Amino acid sequence: MAEREQIRKPAPANREQSVEEAPPASERGSDIKAQLDDLLDEIDEVLETNAEDFVKSYIQKGGE
Amino acid sequence: MAVPKTLGLETEYGIVHRGAPEPNPISASSLLINAYLIATHQAPEPGRAAVGWDFTDETPGNDARGGAPAGSLAPEIETHLVNAVLTNGARYYVDHAHPELSTPECADARSVVVYDRAAEMIAARSMEAARMLLPPGEEIVVYKNNSDGKGNSYGCHENYLVSRAVPFSRIVTHATAHFVTRQIFCGAGKMGSETSGMRLDEAGYQISQRADFIEEEVGLETTLKRPIVNTRDEPHADAAKYRRLHVIVGDANMSQVATFLKVGTTALVMALTEDDAVPRELRFATPVAALRQVSRDLSLREPLELVDGSTITALGAQWELLAAARAYVETRGADAVGGKVAHQVLDRWEAVLGGLERDPMELAAQIDWVAKLRLLDGFRERHGLDFQDARLRALDIQYHDLRPAKSLAARAGLETLVDEAEAELAMTEPPPDTRAFFRGRCLQRFAAEVVAANWDSIVFDVGEGSLRRVSMAEPTRGTVAHVGTMFDECGSAIDLLRRLGAAGA
């Protein structure tokens, strides 16, 4: 671990700035949760309706 | 000295012909590609032969080790199937039972991302065009993944131009160190295991699509006993100066950041190898086992044993390669590895390793295996599913669906590096900064006189009796800077050949 710390370059100067500008973690957390919920709603809509048959019939020949 | 890294991807896509009474992946692939050629007016005029692929220079059986070991099987070339050269310099063809698209030669990792995205758009356009030709109720669907989950795999190969002067054994050493560990940011993620005797954790999820199919350390094969380092020695360029490292170990990526890093970091590692600038050799005690172990270690913390008895984690190995690459670019510059793009690769590489170290879930918008895991976890929790539920496997496959209306990757909030308009243009326009420019322009302007083309030559028939072959043995020549004006000034293929003859090209 210590060895790796030495190898690592210092963080670019602009990184700290972006951390300061970011909203508090709790707010960010609920944003992310809401985004995931929207995404899961979409997946519910577009996911193959008969998953079992779809997975079973997805057969490929080996390639390259 | 490292040679400029000319780069490219060859992607084999999964294909399904839905609603067909007797689906056949070979005829479906042919139909898909022909439909695209017709829809985009790249199909030949009636009564004319198509611009075919010229196989005279193909030697996939040549082994970089010189004399292949007994029992090695050289891949066969199929010449009777659809095989088209596109105006963007790409090759679009049927390979075994898959549609495959090889990008044109690119001069840096960003350009690879542009042409890889263009290839996805070409696949989407092909599916649309095929639907118009098929009976109602039938559809051809294309997936950009590498496994059917049932033990069958198809590849996304990468190509890197390297100097012939480098001993191949040195390439094997450093390429292996990188390929075993780079999965942590370029793995596409997969439900389940396709090797016997390997345990997965309860979730049954692993980082790489491809690790289960890698069985050897070094070898010539690509369809069985697949190796970590492939020895195909077919440079498609001046063989006295160049090798082409043909990489078969990687996953196809939906994330542009992952493609950018996969190609960008590997180009850097190859430059370091050429200039012998890797501070120490990271030799794994058992590279194939290590590759599979990394794929199954979502914690990214498991120690991997080196031949000297010490251990290193995949993250540790990547930090070490990054530090070597930074030092290399600082001392020798980035001319051989894409100029300013190499600096972007280094910065992104560092940021992604930092994210993986803190919490991989931070990278759900950048790294495929993390993005897919987030969807799987969220979906499973929402519906209270068992890990074995077929819907999770369906989600895994559909992540890679290239239909915009169905693709889950397209919905996963992945960061993009190139804008859609740029990629759309790249469906028909060649890159300006490699020999693909010459190939693409010839196809755009003089397709009627081009009889055949391949990576390093174009054959013309200008009605003068014998055919004329133009050689392109130098991948960095034939760019817009070299021949752009010539194309502007030539009204016909005869003019062009005359000018090229006069210029001694």
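Begin by selecting the residues at which the two chains meet: 53 residues of chain B and 33 residues of chain A are in contact, that is, have heavy atoms within 4.5 Å. The model is predicted, so local features need pLDDT of at least 70 and side-chain atom pairs count only at pLDDT 80 or more, whereas totals for chains, interfaces and linings use all residues. Residues are numbered from 1 along each chain as its sequence is written, chains are lettered from A in the order in which they are written, and side-chain values use heavy atoms, with hydrogens and water left out.

Colour chain B by pLDDT, the predictor's confidence in each residue, from 0 to 100. Its mean is 93, and 94% of the residues of chain B reach 70 or more. For the complex, the predictor gives an ipTM of 0.90 and a pTM of 0.92.

Next, display the surface between the chains. About 3700 Å² is buried there, 57% of it from carbon and sulfur atoms; buried area is the accessible area (1.4 Å probe) that two parts lose on being put together, summed over both.

Then show B:Arg18 and A:Glu48, whose side chains form a salt bridge at 2.7 Å, N to O.

Key. Salt bridge = Lys/Arg side-chain N within 4 Å of Asp/Glu carboxyl O.
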